[in-house]
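Subject: Structure handover

Hello,

I am passing on the structure we spoke about, with notes on what turned up in it. Please look it over before you read on.

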Amino acid sequence: MIEGEDKSMKILVYNGPGDLEIQEAEDLLPRPGEIKVKTLYSGVSHGTEMNVYNNLVPQFSKYQDPETKLLLSGDENHKAWQYPIKSCDPDVWCLGYSNIGKVTEIGEGVKDFSIGDIVFSASSHQSHIVKPAKEFIKLEKDIDPKKAVVLFNLKTTYTAILDAKIKLGDVVVVSGLGLLGQLCVQMAKLSGAFQVYGIDIYENRRKAALENGCDEVFDPIETKDIAMEIRKRTNNRGADVVMEVSGNSKALQEAIRIAAPDTDVIVVSWYQNEARGLYLGDEFHHNRIGVKQSQSAHVAPEFAHMYPEERRQKALQHIIGKLSLDSLLQVMDFDSAPEAYKTIHDHPDQVIQVVFSYENEEEE
């Protein structure tokens, strides 16, 4: 930056639940070991970010103790989140964590990146990012940067697919056809599933799933007993694998009913508040159903040694080229971010994956 020049970057700010605005903040220079990127695209997490949007996550009243891993009430030494929250605050993940940018400056000592490289990072929605170089992943040249915004989501679903242990010829049911569910549908087919059935209340999601590999879809409002419908299609066995991706505890109950005896429901959702509607004395008990929480940051310990971070990241870039994503992405200008969040909240039937474009930002 030229001395005395007034340069700023655009950031996103939470003033309160559902209250977002774009502000300007002082631009930053990379320090030794860091790089700076100009954001091209960033993807909104319609699940996690909407929970934050509605003030439903525990971080507003609790903190996770690093030793016990329990969520405990915040105090003067361990602060819970407080408004306003800025995308440029340290360790903020509630305002986006899937950012694609172009390297514009390189700090002293950085050797593995060049000006112009297209990179992914788990960073917020804002026009510029400055982080240690080790936190960026260089994209292969044949990857569309817009589609690369699903890399973080893909990491979540890839871990879920590993947890699911899908076998050649399996019947898989995916409950919840937002972006994560759509990725699960396609990756289940890539993993050898012969039939994949999808469940969602929104027509646009069901239509997209059919276009992208789902064999049949169900509207849980119209179809009262989906578990029975799956039994009819599987000679009364039930599904070999059920992936619950809706975040709705009633859907989890139906997933338990759909699953074949002695199988697991793979939970890819992050449930909030009390999980009502579960009847653990019914099929869960009598059919010996397991419920396994899948989480993007943790690979199942029995084969974690086979899937280190480096291998998974290479696999994700390879998988992107095999996925159909065009019908899933809705690109909006970053300046319309507050309105976009409201659309996701008020009209989830209209959008599957919102992607912010920063093409209108001035080039450096």
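A polar contact here means a pair of N or O atoms within 3.5 Å, where within protein one must be able to donate a hydrogen and the other to accept it. Please keep in mind that this is a predicted model.

His46

The side chain of His46 makes such a contact with the backbone oxygen of Ile352, at 3.3 Å. A polar atom of the His46 side chain also lies 2.9 Å from the backbone nitrogen of Val354. His46 itself sits in the loop between E3 and helix H1 (48-53). With a relative accessible area of 17%, His46 is buried, because the cut-off for buried is under 20%. Setting aside residues up to four places away in sequence, His46 touches Ile344, Val351, Ile352, Gln353 and Val354.

Thr39

Strand E3 (residues 34-43) holds Thr39. Thr39 is buried, at 0% relative accessibility. Its side chain makes a polar contact with the side chain of Asn99, at 3.2 Å. Beyond its neighbours within four places in sequence, Thr39 is in contact with several residues, among them Asn99, Gln126, His128 and Tyr358.

The cavity

A search of the whole structure for cavities of 30 Å³ or more finds one. The volume of this largest cavity is about 40 Å³. Its lining is made up of Gly43, Val44, Ser45, Glu49, Gly96, Tyr97, Ser98, Phe152 and Asn153. Sorted by class, the lining has three nonpolar, five polar and one charged residues.

Helix H2

H2 is largely enclosed by the rest of the structure, because 13 of its 14 residues are buried. Lys165 follows H2 and has a positive phi, near 50 degrees.

Helix H6 (residues 249-258) is mostly covered, with eight of its 10 residues buried. Those buried residues are Ser249, Ala251, Leu252, Gln253, Glu254, Ala255, Ile256 and Ile258. At the start of H6, a side-chain oxygen of Asn248 comes to within 2.8 Å of the backbone nitrogen of Lys250.

Glu283 is in helix H7 (residues 283-286). Its relative accessible area is 22%, so Glu283 is partly exposed. The C-alpha atoms of Glu283 and Arg257 are 5.8 Å apart, although the two residues are 26 residues apart along the chain. Not counting residues up to four places away in sequence, Glu283 touches Gln253, Ile256, Arg257, Arg288 and Ile289. Two of these, Gln253 and Ile256, are among the buried residues of H6.

Backbone points to check

Most residues other than glycine have a negative phi, and most peptide bonds are trans. The following places depart from that.

- The peptide bond from Tyr83 to Pro84 is cis, with omega near -5 degrees. Pro84 is in the loop between strand E5 (71-73) and strand E6 (85-86).
- Asp262 has a positive phi, near 65 degrees. Asp262 lies in the loop between H6 and strand E15 (264-267).
- Arg288 has a positive phi, near 55 degrees. Arg288 is found in the loop between H7 and strand E16 (290-293), and is partly exposed, with a relative accessible area of 48%.

Asp112

Is Asp112 buried or exposed? At a relative accessible area of 60%, Asp112 is exposed. Asp112 is in the loop between strand E7 (99-106) and strand E8 (118-121). Leaving aside neighbours within four places in sequence, Asp112 is in contact with Asp117 and Lys138. Its C-alpha atom is 9.3 Å from that of Lys134, which lies 22 residues away along the chain.

Regards

Definitions and conventions:
Residues are numbered from 1 along each chain as its sequence is written. This is a predicted model: local features need pLDDT of at least 70, side-chain atom pairs count only at pLDDT 80 or more; totals for chains, interfaces and linings use all residues. Side-chain values use heavy atoms; hydrogens and water are left out. On a 1 Å grid over the protein atoms alone, a cavity is a set of points where a 1.4 Å probe fits but cannot get out, and a pocket is an open set with protein on both sides within 12 Å along at least five of seven lines; lining residues have an atom within 4 Å of a point. Grid points are joined across faces, edges and corners, and a volume is the space filled by probe spheres set on the points. Ala, Val, Leu, Ile, Met, Phe, Trp, Tyr, Cys and Pro count as nonpolar, Asp, Glu, Lys and Arg as charged, and the others, Gly among them, as polar. Buried means under 20% relative accessible area, exposed over 50%, partly exposed in between (1.4 Å probe, protein chains only). Helices (H or I, at least four residues) and strands (E, at least two) are DSSP runs, numbered from the N terminus. Contact means heavy atoms within 4.5 Å.
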